[in-house]
Number of protein chains: 2
Amino acid sequence: MAKEPKPIDDLTIWDDAKAMIKKAREEGIETVHERLAQQTPHCKFCELGTTCRNCTMGPCRISKKMPRGVCGADADVVVARNFGRFVAGGSAGHSDHGRDLIEVLEAIVEGETKDYSIKDEEKLIRIAAEVGIETEGRGIMDVARDAMECFFADFGSRKKEVSFLARVPQKRKDIWAKLGMTPRGVDREIAEMMHRTHMGCDNDAPNTMLHAARTSLSDGWGGSMIGTELSDVIFGTPTPSMSTANLGVIKEDKVNILVHGHNPVVSEMILAAAREPELIAEAKEQGAAGINIAGLCCTGNELLMRQGIPMAGNHLMTELALITGAVEAIVVDYQCIMPSLVQISGCYHTKFIDTANKARFTGGIHYDFKPATAMEQAREIVRLAIKGYAERDAGRVDIPCEPVEIMTGFSNEAIIGALGGTLDPLVQAIANGDIRGAVGIVGCNNPKIKQDSMNVKLAEELIKKDILVLVTGCVTTAAGKAGLLVPDAIEKAGPGLKKICGSLGIPPVLHYGSCVDNSRILQLCAALANALDVDISDLPVGASSPEWYSEKAAAIGLYAVASGIYTHLGHPPNILGSETVTNLAVSGLEDLVGATFFIEPDMVKTAEMFDDRIKAKRKALGLSE
Amino acid sequence: MAKEPKPIDDLTIWDDAKAMIKKAREEGIETVHERLAQQTPHCKFCELGTTCRNCTMGPCRISKKMPRGVCGADADVVVARNFGRFVAGGSAGHSDHGRDLIEVLEAIVEGETKDYSIKDEEKLIRIAAEVGIETEGRGIMDVARDAMECFFADFGSRKKEVSFLARVPQKRKDIWAKLGMTPRGVDREIAEMMHRTHMGCDNDAPNTMLHAARTSLSDGWGGSMIGTELSDVIFGTPTPSMSTANLGVIKEDKVNILVHGHNPVVSEMILAAAREPELIAEAKEQGAAGINIAGLCCTGNELLMRQGIPMAGNHLMTELALITGAVEAIVVDYQCIMPSLVQISGCYHTKFIDTANKARFTGGIHYDFKPATAMEQAREIVRLAIKGYAERDAGRVDIPCEPVEIMTGFSNEAIIGALGGTLDPLVQAIANGDIRGAVGIVGCNNPKIKQDSMNVKLAEELIKKDILVLVTGCVTTAAGKAGLLVPDAIEKAGPGLKKICGSLGIPPVLHYGSCVDNSRILQLCAALANALDVDISDLPVGASSPEWYSEKAAAIGLYAVASGIYTHLGHPPNILGSETVTNLAVSGLEDLVGATFFIEPDMVKTAEMFDDRIKAKRKALGLSE
């Protein structure tokens, strides 16, 4: 009965991935590709978004033959309910991550930890001033305390708007106010989304969709932005540096520890512990040449951006990294960690270590990681990995390639620094058409799509058209492995981009961080709009998530659109069962917020659509096309 | 292709319902029963809880042939994810309702409304003192302001526990602390539940279930309790009074306005407007004898408890009330309002009026109800109804019965008042076995179950065994229509209950309020446990929701169990696809929190199981069985 997965060449564009999928099959280890084959075809109702399980009068399925659920909800209501909760799930993930950073700041302020500190005092003072905190002549801990209280309050019920709306152009804020979309508090919008989608509450699909947008805005300009900014404050604001990517970053002669998840709080400590001479000595006693930390997914992005730690892979590489047989430990925090990693770890000597009480894994080794005891716990974890080195079966080790070089660390601060302290040169480059526009390519892999085929193709097509590309999350590794994250990649770019990036010595595709760091892109757009005294929707910019899979990607896409950014998805969310919701998403929102989603699986066409949009926006701004 | 619904006699135990279902069929109007027939059989995967739609690698369905989703999640993880979100939906509904009451209190404190005021100052001072607010010698508005801030903060991220945990026995709080189940903030627990159930977060079903319990506790001892207490403060604490119930409360010669939903904020104003001489005169000008306000569902319970307003019906009567053809307007706030009511209103002259921005209905007449303009808006709505009276088609009017009498208004304050200012007589009656124990019967109707057959039967069986019954929500109307909510019902009770209730002149089944008012039952249990210096789980008490359908009922059931109360459900939630989750719910929780769920469709057996439990608990307390 087992259904066959696709041939390996159809699953991924990468040689390292192909080699490991082949090895997994030879060793009889199941991966995401086998499970997808097994789960295909999917339930049509669930795919269309027309299943409702929100009460026990059902579950219900809406179709032409059954146009209403037991309560009377039609397809529009059911699809909107489901999409609303989907976005709430994504917003909750990002934002609860942001809250964890505030808690670390609290531990610093309260003197409860010696393991974390304020690394970037200047940034803390700057963002505190932005959100209205008095900073002049005050001690850093006093400012930090006020910032902590301010950001905690952004999750509460007492604000009319979250703090970082101070960054948003007034024209945009007026649109949100008019539509009732101003995000008040992160948790509040999430809880209200859950309330609205209870049976017998919001039964008007467009109204539900507006609140979904509000919820996503509380993530983008709230929880995510707090996550990014406080991570910079606590771990340092990224500056450009060189690193490497692909499975080749795993080292045969070292104790390999992979960090996976999204939050730097654990992984920064693991890294610090792994750099301690005593632990390196212990590794050498075990016969290893040292300790090697490499990243996966967004935790990898966090360490890559700030510490230049190499990136082993993105979403669809997480299982395959373990198949190398050379990983002593995979240390996870939360989000996007396939539960199958526990089983795959069990096929090798690999220790699967989970560190968050809110993300435990049956069969994992659990550490209840706390700021007060972080370094001590990190040392214990690294020691576990070191001990594991002796258990490695050398005969099963296969590291399939050499790493490729990548450039990383493009925070807005770094960009502005490189431009001489102001955005003016960027504005000028956009104005004169050297940089015709910018598109953020973000998000995930999805095993339904040939891995990274779209992520890479779209970036290549856009830079040819002199459109600057900013990448975050799993697209980072894709672009990096494709050679797009190095200064030499200007050879693949159009003449304008080649000139500008060449003169600055930067790639035409810039690594902007992890998925929460899409807030950096929002901030850049807001700053550009403010500099030009226009709305974000007037800018020649776009966003894309070609291979997305996660609820967080839906939240990101929606806050981008609601912020006025034309946004591409490589495949639709599960909304096609409602014409009302689908039409709203792909056209109706244009009139409301000045941007829409567009769904397109062909990346050449997608690049053309961005090109057309950028032309139109440039024209409206009085610029050359 | 249309599937036939069951014969009318199998759908409900009530004559008024049968008459209206018959009329609906004659008039070709679809009700919940036709839609249930159409939706039956339900999707087995969704019923078992083994469908996952939390990312677009899926949707996935878990079964023996497909034991893992694309990410690797097994049935345990998927069921726990779904149940966690189900409970989050219910908790969010109740608690967002609670927040709305805080916002009304804020409007009072800030002087932004003249339409609402603090009706029960003594209660406000009492609850403020309970949560640690200084009240001595302070002005009521100062106390109110502090209470408002305190309760808003219960939704935030800055507390270690929600305020009303001050009411919980220390032994219970110790259990929660040990299990990591202490509810910190209402919205926070909801958002964290959404985060945990994102792909790649919590992949340990028992861990997810513990957080579901924590989330529900933040509802029961947080959002719901705040909702109840502030409703009493603003609208008055209920005291016993007589009223009536069933469709006979709709009056042929009057302008009939039904209020439906859960929150008294709108309906109290509608009632006040309908009592204004000017509007009554306008109704008379239209040829009506006056204006008649009657309640449905929990908004009905709120008005019944405090104002003695008659109850037209519970969940499955909401559609049928409109079928009388005599309803000029149905005014709704939120929750459990079947979207079909818009269509059914459209089959008559009935105006469907929605009043909450978070619960709009496509096709409804919308009022954005605000504290500042509440009375004015209420008058407009009542006038709409008055005008509609002229449009009524007398030939289609059929009010099928005469109302039955009910006694209502049993707040804890009223009970203690009736007992002479202390719980001691109740403790004494329990100790000597006149009252052997108490069971709260709460929740809904579900069209899968013959309407109110279980709700009534269980109450009858329990009082025979000298077990006091407390009813809330939709069970109120069931018990009332069955004649159990009048003092004479002691004739159906056992000798002990007959003696005690007889001497006090109260029914053996007490109306304790709306669904959020299950917090009153929690409070009573805590007070009894504190009086006896035992844990809540040591008390001879239980809870039941025989005919539940809503996510809120799942939240209520879970906070009852987590509070130590043995809890019956007439049918299971969608968890049977996981043995781990099911076993935890029906047995494993006993060791953790001292109580479990039990699932039993037979009400005689259910009463026996409660009887056995109460015997055991009495024995352990050293009391006669």
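This is a predicted model: local features need pLDDT of at least 70, side-chain atom pairs count only at pLDDT 80 or more; totals for chains, interfaces and linings use all residues.
Local features need pLDDT of at least 70, side-chain atom pairs count only at pLDDT 80 or more, and totals for chains, interfaces and linings use all residues. Residues are numbered from 1 along each chain as its sequence is written, chains are lettered from A in the order in which they are written, and side-chain values use heavy atoms, without hydrogens and water. Helices (H or I, at least four residues) and strands (E, at least two) are DSSP runs numbered from the N terminus.

**Helix packing**

- Across the two chains, the axes of helix 8 (residues 186-196) of chain A and helix 8 (residues 186-196) of chain B come within 9 Å and cross at roughly 75°. Axes are lines fitted to C-alpha atoms, for helices over the stretch in contact, with angles from 0 to 180 degrees between N-to-C directions.
- These two helices are therefore roughly perpendicular; the class runs from 65 to 115 degrees, with under 35 roughly parallel, over 145 roughly antiparallel and the rest oblique.
- Helix 8 of chain A contributes A:Asp187, A:Arg188, A:Ile190, A:Ala191 and A:Met194, and helix 8 of chain B contributes B:Asp187, B:Arg188, B:Ile190, B:Ala191 and B:Met194. Contact means heavy atoms within 4.5 Å.
- By class, the residues of this contact are six nonpolar, no polar and four charged. Ala, Val, Leu, Ile, Met, Phe, Trp, Tyr, Cys and Pro count as nonpolar, Asp, Glu, Lys and Arg as charged, and the others, Gly among them, as polar.
- Within chain A, the axes of helix 9 (residues 205-235) and helix 21 (residues 518-532) come within 9 Å and cross at roughly 105°, which makes helix 9 of chain A roughly perpendicular to helix 21 of chain A.
- Residues of helix 9 of chain A in this contact include A:Trp221, A:Met225 and A:Glu229, and those of helix 21 of chain A include A:Arg520, A:Leu522 and A:Gln523. The contact of helix 9 of chain A with helix 21 of chain A has four nonpolar, five polar and three charged residues.

**Helix 22 of chain B**

- The end C-alpha atoms of helix 22 (residues 551-562) of chain B are 16 Å apart, which agrees with the 16 Å its twelve residues should span. The expected span is 1.5 Å times one less than the number of residues.
- Twelve of the twelve residues of helix 22 of chain B are buried, so it is largely enclosed by the rest of the structure. Buried means under 20% relative accessible area, exposed over 50% and partly exposed in between (1.4 Å probe, protein chains only).
- The buried residues include the charged pair B:Glu551 and B:Lys552.
- At the start of helix 22 of chain B, a side-chain oxygen of B:Ser550 reaches to within 2.7 Å of the backbone nitrogen of B:Lys552. Just after the helix, B:Gly564 takes a positive phi of about 100°.

**Buried residues**

- B:Ile226 lies in helix 9 (residues 205-235) of chain B and is buried at 0% relative accessibility. Beyond four places in sequence, B:Ile226 touches residues including B:Phe151, B:Phe155 and B:Phe164.
- A:Ser243 belongs to strand 3 (residues 241-245) of chain A and is buried at 6% relative accessibility. A polar atom of the A:Ser243 side chain lies 2.8 Å from the backbone oxygen of A:Gly308.
- B:Met407 is in strand 10 (residues 404-408) of chain B and is buried, with a relative accessible area of 12%. The C-alpha atoms of B:Met407 and B:Gly480, 73 residues apart along the chain, are separated by 8.1 Å.

Conventions
A polar contact is a pair of N or O atoms within 3.5 Å; within protein, one must be able to donate a hydrogen and the other to accept it, and residues adjacent in sequence count only if both atoms are side-chain atoms.
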